[in-house]
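Subject: Structure handover

Hello,

Please find the structure below.

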Amino acid sequence: MVVARGAAARQAPEPAATGDAGRVPAHVAIIMDGNGRWAAARDLPRVAGHRAGAQAVRRTIEAAIRNGVTWLTLYAFSSENWRRPVSEVLDLTGLLRHYLRNEVAELARQGVRLRFIGDLSRFDPDVQADLRAAARDTAANTRLNLTIALSYGARAEIVEAARRIAAAARSGTLDPAGLDEAAFGAMLTTDGIPDPDLVLRTSGEQRLSNFLLWQAAYAELLFLDVLWPDFAEQHFVAALEQFARRERRFGARPG
Ligand code: IPE
Ligand code: IPE
Ligand code: MG
């Protein structure tokens, strides 16, 4: 089996249904978009779309495990999403609370390791405590590395890294001449997580909306017309098949 780059890729089990060449992305990152439009199309309140979106999260985690993807990152809430109406923000944080209380034990049973990236300090203290507990209680799991981006914005993440680097340089613990891409990357919240091989976005929008701007430098991008609550294993498998057909060059050309 030919797999994508990275140590994580080498641990990937044989894929169940990846289509042609069997080249499985080690790390799939997903911009889960379209909950509101899904609800509007059914004359339902937006929160119904977010609830249905949570079901799609469950299906996607299972699809990742079944298809040999070992790193999955889900964009659940952006730093800009705080600007939505208070009622929607409350619905979303309420769903997050519910998800953490009711789903983490099952994820742990499935061998999922949970990580969270983003400015978690903006959540209520009880949610922060649940996030910490979920990460701690699943830290020994290795079957699927699931990262959930919450209150996440790539620019804020990069600025925060720059701020810490500047402070370290000023205090003399870091030599600016020694700063390279690996050292900079290690200052990001994704330290220890391989770069995504495939970034996919549902809902038909074709933009990154401030997601993993540094980490996705050489990711393959895929925009799907399906709304997130309708996302199912067949879409995931089709995305893996598309990935397998892409030629990744990383700027080089055959000599
Ligand atoms: C994605 O669905 C979920 C979040 C961003 C929290 P949206 O709520 O953005 O749904 P649309 O884009 O309005 O359809
Ligand atoms: C991106 O979706 C953020 C998440 C999916 C969590 P948005 O719906 O917030 O993005 P824009 O506003 O369409 O760019
Ligand atoms: Mg949206």
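The notes cover the ligand site and then the pockets.

This is a predicted model, in which local features need pLDDT of at least 70 and side-chain atom pairs count only at pLDDT 80 or more, while totals for chains, interfaces and linings use all residues. Residues are numbered from 1 along each chain as its sequence is written, chains are lettered from A and ligands numbered from 1 in the order in which they are written, and side-chain values use heavy atoms, with hydrogens and water left out.

Ligand 1

Ligand 1 is surrounded by 13 residues, and the closest are D33, G36, R37, R46 and R84 (a residue is near a molecule if one of its heavy atoms lies within 4 Å of it). By class, this shell holds three nonpolar, five polar and five charged residues. Here Ala, Val, Leu, Ile, Met, Phe, Trp, Tyr, Cys and Pro count as nonpolar, Asp, Glu, Lys and Arg as charged, and the others, Gly among them, as polar.

Polar contacts are pairs of N or O atoms within 3.5 Å. A polar side-chain atom of R84 is 2.7 Å from an oxygen atom of ligand 1, and an N or O atom in the side chain of D33 is 2.8 Å from an oxygen atom of the ligand. For G34, a polar backbone atom lies 3.4 Å from a ligand oxygen atom. On its own, ligand 1 has 380 Å² of accessible area, of which the protein covers 86% (Shrake-Rupley method, 1.4 Å probe).

Pockets

Ligand 1 sits in the largest pocket, which means that more than half of its atoms lie within 2 Å of the pocket's grid points. A pocket is an open set of points on a 1 Å grid over the protein atoms alone, where a 1.4 Å probe fits, with protein on both sides within 12 Å along at least five of seven lines; lining residues have an atom within 4 Å of a point.

The largest pocket has a volume of about 920 Å³ (the space filled by probe spheres set on the points, which are joined across faces, edges and corners). Its lining has 43 residues, with N35, H50, A76, F77 and L92 nearest the centre. They divide into 21 nonpolar, eleven polar and eleven charged.

The second largest pocket holds about 380 Å³ of space. It is lined by 19 residues, and E181, A182, G185, D195 and W214 lie nearest its centre.

Regards

Methods
Polar contact = N/O pair within 3.5 Å; in protein donor to acceptor, adjacent residues only side chain to side chain.
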